[in-house]
Amino acid sequence: MDLSSSQNCKGVDYIIYDYDYQEWIAVVTYDDRRTAYHIDYDDDNDVLYVSIGRACPGYGDVINDNIIVRRSFKTQKVVGYTFVWFKSLLEDDQFWIILKSLPRGEEIYEVIKAFLSVHKV
């Protein structure tokens, strides 16, 4: 695995770019639990994908027109988020409030902040 662009961010232990998988990986430690978040931004369609661990088969719970919570078929646990029209979400103060209210929202908030510190959308 070829990794680069390591950087620290409050709430995130580090964030790196994995050239093999063409994605960002943010590692977060909360409550003695260390989790790798896999981040992929689709520039052409303005969609941000955040997976908790490696992506796995699942379904989406639609929160609103822009936010989808992905859950595992097998366990129904949250396995990631999809943010549609991500650039417009960044300008909406309500987005950050809604985000923090979702399962693992505080962690996802920190992961997105770290991602934005290393990647321009």
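What follows is a short briefing, grouped by topic.

This is a predicted model, in which local features need pLDDT of at least 70 and side-chain atom pairs count only at pLDDT 80 or more, while totals for chains, interfaces and linings use all residues. Residues are numbered from 1 along each chain as its sequence is written, and side-chain values use heavy atoms, with hydrogens and water left out. Helices (H or I, at least four residues) and strands (E, at least two) are DSSP runs, numbered from the N terminus.

**The core**

- The largest nonpolar core has 29 residues, and Leu-48, Phe-83, Phe-95 and Ile-112 have the most contacts inside it.
- A nonpolar core here is a set of buried Ala, Val, Leu, Ile, Met, Phe, Trp, Tyr and Cys residues joined through side-chain atoms within 4.5 Å.
- "Buried" stands for under 20% relative accessible area, "exposed" for over 50% and "partly exposed" for anything in between (1.4 Å probe, protein chains only).
- Which element gives this core its largest share? That's α3, with 6 residues.
- If you skip neighbours within four places in sequence, Phe-83 is in contact (heavy atoms within 4.5 Å) with a list of residues including Asp-46, Leu-48, Leu-89, Phe-95, Ile-108 and Ile-112.

- Helix α3 covers residues 105-118, so to speak a run of 14 residues, and reaches 20 Å from its first C-alpha to its last, close to the 20 Å expected at 1.5 Å a residue.
- That expected span is 1.5 Å times one less than the number of residues in the helix.
- Among the buried residues of α3 are Ile-108, Tyr-109, Val-111, Ile-112 and Phe-115.
- The axes of α2 (residues 93-101) and α3 come within 6 Å and cross at roughly 130 degrees.
- Those axes are lines fitted to C-alpha atoms, for helices over the stretch in contact, and the angles run from 0 to 180 degrees between N-to-C directions.
- The two helices, α2 and α3, are therefore oblique to each other; under 35 degrees would count as roughly parallel, over 145 as roughly antiparallel, 65 to 115 as roughly perpendicular, and the rest is oblique.
- On the α2 side, Phe-95, Trp-96, Leu-99 and Lys-100 make the contact, and on the α3 side it's Gly-105, Glu-106, Ile-108, Tyr-109 and Ile-112.

**Arg-70 and Ser-51**

- You'll find Arg-70 in strand β7 (residues 67-72), and Ser-51 in strand β5.
- Arg-70 is buried, because its relative accessible area is 19%.
- Ser-51 is buried too, at 7% relative accessibility.
- A polar contact of 2.6 Å links their side chains.
- The term "polar contact" covers a pair of N or O atoms within 3.5 Å; within protein, one must be able to donate a hydrogen and the other to accept it, and residues adjacent in sequence count only if both atoms are side-chain atoms.
- Leaving out residues up to four places away in sequence, Arg-70 also touches others, including Tyr-49, Tyr-59, Lys-77 and Tyr-81.
- With neighbours within four places in sequence set aside, the contacts of Ser-51 include Ala-36, Tyr-37, His-38 and Val-79.

- Thr-35 lies in strand β4 and is buried, with a relative accessible area of 9%.
- The side chain of Thr-35 makes a polar contact of 3.3 Å with the side chain of Arg-104.
- Trp-24 sits in strand β3 (residues 23-30), and Trp-24 is buried, with a relative accessible area of 9%.
- How far apart are the C-alpha atoms of Trp-24 and Ser-101? They are separated by 24 Å, with the two residues 77 apart along the chain.

**Loops and backbone**

- Most residues other than glycine have a negative phi.
- Asp-46 isn't a glycine, yet has a positive phi of about 55 degrees.
- Asp-46 belongs to the loop between β4 (33-42) and β5 (47-52) and counts as buried at 13% relative accessibility.
- Trp-85 is another non-glycine residue with a positive phi, near 55 degrees.
- Trp-85 is in the loop between β8 (78-84) and α1 (86-90). Is Trp-85 buried or partly exposed? At 47% relative accessibility, Trp-85 counts as partly exposed.
- Thr-75, in the loop between β7 and β8, is partly exposed at 43% relative accessibility.
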